[in-house]
Amino acid sequence: MNIVGKWTVYEVMSRDDDLNIVWKKKDEMLKQIEPGDEMAMFLNASLIFTEDGKMLTVAPIPANVPKEEVDAAVAAGKVKLYGDNMMVFEGKDWKEEDGKFFYDSGTQGEIFGEPVSPWVEIKEVEDGVIEILLMRYIKE
């Protein structure tokens, strides 16, 4: 699998009426929320894996935000842009090791005196679908 490129939300971990864990498709989740809801922004976010080992979380700039406001936020260093209409929420490192992919979660600490690795595996759960935390992504 070539991880470099843009990955969009495919499914989201949720609970059914009996509180069982289920995976719901992005489109199904979007139908259940209001357009301006913060959850819509997360569902429309993407992951960009760059060739130089960065994993960027990006989302479309909301349509109701004036360009002048975006330009001012960029100039003040509050917002980073990716392309013309995406803003970068965070950037993490990723790496490939023994045919597996990992990202730096930033986790620090120890368990029973043993250091915890910040590197978390990016699991391919089906052909062309990866899972990170509560989201599954598909490559564009």
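Is F49 buried or exposed? F49 is buried, at a relative accessible area of 1%. The model I am working from is a predicted one.

**Aromatic pairs.** I noted F49 with W94 as an edge-to-face pair, with 6.0 Å centre to centre and 80° between the planes. F49 belongs to strand β3 (residues 46–49) and W94 to strand β6 (residues 86–97), so this pair ties together parts that lie 45 residues apart in sequence.

I then checked the accessibility of W94. Its relative accessibility is 13%, and W94 counts as buried because the cut-off is under 20%.

W94 also forms an aromatic pair with F101. I recorded this pair as tilted, with 5.9 Å centre to centre and an angle of 55° between the planes. F101 is buried, as is W94.

**Charges over rings.** Next I looked for charged side chains placed over aromatic rings. K95 lies over the face of W119, and I noted 4.3 Å from the ring centre.

Which ring has the charged end of R136 over it? I found that this is the ring of W23, with the charged end of R136 at 3.8 Å from its centre.

Notes. Residues numbered from 1 in each chain as written. Predicted model: local features only at pLDDT ≥ 70, side-chain atom pairs only at ≥ 80, totals over all residues. Heavy atoms only, no water. Phe/Tyr/Trp six-rings, centres within 6.5 Å; stacked < 30°, edge-to-face > 60°. Helix = DSSP H or I, 4+ residues; strand = E, 2+ residues; numbered from the N terminus. Buried < 20%, exposed > 50% of the residue type's maximum accessible area, 1.4 Å probe, protein only. Lys NZ or Arg CZ within 6 Å of the ring centre and 35° of its normal.
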